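User: I'd like to learn how to read a few features of a protein model. Can you walk me through them?

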Amino acid sequence: MRWLRTTSSHSSGVATVGAIATGEFPEAVAVMLFYQVGELFQSYAIDKSRKSIASLMDIRPDYANVKRNEKIEKVDPDEVQIGELIIVKPGEKIPLDGIVVEGKSYVDTKALTGESVPREVKENEEVLSGCINQNGVLTIKVTKEYEDSTVSKILDLVENASNKKSKSENFITKFAKYYTPIVVILAVILAIVPPIILHDASFKEWIYRALSFLVVSCPCALVISIPLGFFGGIGGASKTGILIKGSNYLEALAKTETVVFDKTGTLTQGVFEVQEINECEISKEELLKYTAYAENFSNHPIALSVKNAYGKDIDEKLISNAEELTGLGVISIVEDKKVCVGNEKMMKEQGIEYEINTKIGTILYIAVDGKFKGSILISDKIKKDSKKTISELKKHGVKSTVMLTGDKKEIGEYIGK
């Protein structure tokens, strides 16, 4: 980009000097004015793209809390060594890749994976830099230095995206490298040789003709517009959270025939909401209350959606003996009543007769004192623009759209339809 701008500057300089030499002062001023206006628009476009790309830099952690000599020191992530322990508090970014040695929490991985549903991490599990810790305090043993960490590699890809050239950029750069000097040399010959050889030929007239030839032959608009267009495209994409690793990949997208989508957070909102309450021998309000109270101490996205639907303050004095059963649900004592909230497997293990809910989504079955009291349907909503996006892609030549999901088969098929 810098070389192309230099070429443009040299061309404008030659044109200005030539105009002054021929006595065409208004044209000399016009050339300088047009050049400055062009530079202004070009700088604006480049700065806008750079700012868009820079917005992705928010994933870079500013500091790391390192545990040294039984004290917590706040240092730059670059200063942390492999094997050291770092403390990550709720709301902080994980600064370096490592293994959890103490603590349990949910981490927001949107910046790395685009997945909107928080991921649960506990002891002996790997965590990546750039994620945001949501609730619990984590003690992490660092396994990679900052320059080798996930977040550092992502930032490097963003910052050097413009280095990976497309075929058209490589061609136009090579073309301009040879074409521009040839044109300038021919223009010089045209300005000097005819007045020497031809009788009654004036230098002023042939310099003017040489300048006209130079203007007509100048490739500046061509050689600047192509890389600037790609640079603007990469910047515009990053503004909407899309990382394109280089203009060669952007060029390849124009020939795309198949697009593969993730489901959660891409085609759907990635936010679980209570869609339906099916009560049995109890009011909907009471059923939702018992469920929210039972799930109160859980930070699982499903539990959070129930508490959001309840929308009232929870009196924790009314809750005791809360127990979370992995893969089943929760059991809590609420107002001296045993409340079970979970899946079908939990109902069977507790020996509770229940009514099967066949709706598509996550089903919570609720029992109070061993008696089935109803079920709650929780599901993810399809984004409003998902259908439009797929339709637009097919209008622009995409022949096949595919959805990948780790969710249940019936949910995947329902969203797909």
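User: What percentage of the 417 residues in the protein chain is buried?

Analyst: Keep in mind that this is a predicted model. Buried means under 20% relative accessible area. By that cut-off, 38% of the 417 residues in the protein chain are buried. The accessible surface of the chain comes to about 24200 Å², and carbon and sulfur atoms own 56% of that.

User: How many helices and strands does the protein chain have?

Analyst: The tally is 14 helices and 17 strands. As for contacts with a separation of 6 or more, 61% of them join residues 24 or more positions apart.

User: In what order do the six strands of the open sheet run?

Analyst: Read the sheet as β2-β1-β3-β9-β4-β7, with antiparallel pairing. To spot an edge, look for a strand that pairs on one side only: here those are β2 (71–75) and β7 (126–127). Now zoom in on one pair. β1 (residues 64–68) and β3 (residues 85–88) are joined by three bridges, in the antiparallel sense. There, V66 stands opposite I86 in β3.

User: Is G311 buried or exposed?

Analyst: For this call, exposed means over 50% relative accessible area. G311 has 59% relative accessibility, so it counts as exposed.

User: And where is G311 found?

Analyst: In the loop between α11 (301–310) and β12 (319–325).

Key:
Residues are numbered from 1 along each chain as its sequence is written. This is a predicted model: local features need pLDDT of at least 70, side-chain atom pairs count only at pLDDT 80 or more; totals for chains, interfaces and linings use all residues. Side-chain values use heavy atoms; hydrogens and water are left out. Helices (H or I, at least four residues) and strands (E, at least two) are DSSP runs, numbered from the N terminus. Buried means under 20% relative accessible area, exposed over 50%, partly exposed in between (1.4 Å probe, protein chains only). Contact means heavy atoms within 4.5 Å. Accessible areas come from the Shrake-Rupley method with a 1.4 Å probe; for residues, only the protein chains shown count as cover. Two strands pair if DSSP finds at least two bridges between them.
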